[in-house]
Amino acid sequence: MNLRTATADDLGAIMALERASFPTDAWSETLMAAELSSPHGRYVVDVEAGRLAGYGGVRAVQGAADADIQTIAIAEHARGTGRGRALLHALLAAARERGAREVFLEVRADNPVAESLYVSEGFTEIARRPRYYQPDDVDAVVMRLDLVGWAVAQRPADSVASEAGACS
Ligand SMILES: CC(C)(COP(=O)(O)OP(=O)(O)OC[C@H]1O[C@@H](n2cnc3c(N)ncnc32)[C@H](O)[C@@H]1OP(=O)(O)O)[C@@H](O)C(=O)NCCC(=O)NCCS
């Protein structure tokens, strides 16, 4: 996989994957363009052999304590090979770099694949928003991640051990 920050030039490919991934509630091109150009977010694309394999975005205002995973999608042919997790890691790392301490997201209650990815990274359910996704009439599961704890868990064991040694 080949991750890089998205640019306005990626908009067309992102919208094609957005519409394929979220057939009933895809974002508009106008909204996606605004997301890509916002200084308060970071969008990352996964490009393989010149073809978009995935994209995702996080809203993380510099210095704010909380951030939000806005969206994440992997092309159908490329799913199940670790790309979704890698993209999520890149978004979480970007949020941490901007100073976020916790991350929130909403996931459809009928999307166990995405929910299981989030749970496996440490997200926990904090609320449900009934009938949030329309026109499908599906609840949203609201999830939260302790980003500071997540970032510590990503560090190699030896760097954590040497820090612990430095403090004692
Ligand atoms: C959700 C999505 C981004 C996951 O990306 P992916 O590249 O397929 O996922 P990965 O290969 O990185 O797998 C990460 C975890 O997701 C879960 N997962 C992936 N495929 C799964 C499947 N077929 N069944 C159940 N869980 C699955 C597992 O927890 C997996 O961890 P594991 O490999 O340790 O078991 C992708 O399926 C997707 O784009 N779906 C459509 C759009 C979408 O629903 N986006 C999320 C909106 S909130």
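In which sense do β4 and strand β5 pair, and over how many bridges? To find out, select β5, residues 102-108, together with β4 in this predicted model. The two strands run in the parallel sense and are joined over 3 bridges. Within this pair, display Asp 66, which stands opposite Glu 102 in β5.

**Helix against helix: α1 and α2**

Keep α1 in view and select helix α2, residues 29-37. Two packed helices are described by the angle between their axes and the distance between the axes. For α1 and α2 the angle is about 125°, and the axes are 10 Å apart. The two helices are therefore oblique to each other, and their crossing is right-handed. Show the side chains at the contact: Leu 11, Ile 14, Met 15 and Glu 18 in α1 meet Glu 29, Met 32, Ala 33 and Leu 36 in α2. By class, this contact has 6 nonpolar and 2 charged residues, with no polar ones.

**Helix against helix: α3 and α5**

Return to α5 and select α3 with it. Their axes come within 10 Å and cross at roughly 115°; the crossing is left-handed. From α3, display Leu 92, Ala 95 and Arg 96; from α5, display Leu 147, Trp 150 and Ala 151. These residues make the contact, which has 5 nonpolar, no polar and 1 charged residues.

**The ligand**

Centre the view on the ligand. How many residues surround the ligand, and which are the closest? There are 18, and the closest are Arg 79, Gly 84, Arg 85, Ser 116 and Leu 117. Three elements to highlight are β4 (66-74), α3 (83-97) and α4 (112-120), each of which supplies at least two residues of the shell. The largest share, 5 residues, comes from α4. By class, the shell has 7 nonpolar, 8 polar and 3 charged residues.

**Two backbone details**

Finish with the backbone. Most residues other than glycine have a negative phi, and most peptide bonds are trans. Select Arg 131 in strand β6: although Arg 131 is not a glycine, its phi is positive, at about 60°. Then move to Pro 135, in the loop between β6 and β7. A cis peptide bond joins Gln 134 to Pro 135, with omega about 15°.

How values were computed: Residues numbered from 1 in each chain as written. Predicted model: local features only at pLDDT ≥ 70, side-chain atom pairs only at ≥ 80, totals over all residues. Near = placed C-beta within 6 Å. Helix = DSSP H or I, 4+ residues; strand = E, 2+ residues; numbered from the N terminus. Nonpolar A, V, L, I, M, F, W, Y, C, P; charged D, E, K, R; others polar. Pairing = 2+ DSSP bridges. Axes fitted to C-alpha atoms, helices over the stretch in contact; angles between N-to-C directions. Parallel < 35°, antiparallel > 145°, perpendicular 65-115°, else oblique. Left-handed = near helix turned anticlockwise from the far one by under 90°. Contact = placed C-beta atoms within 7 Å.
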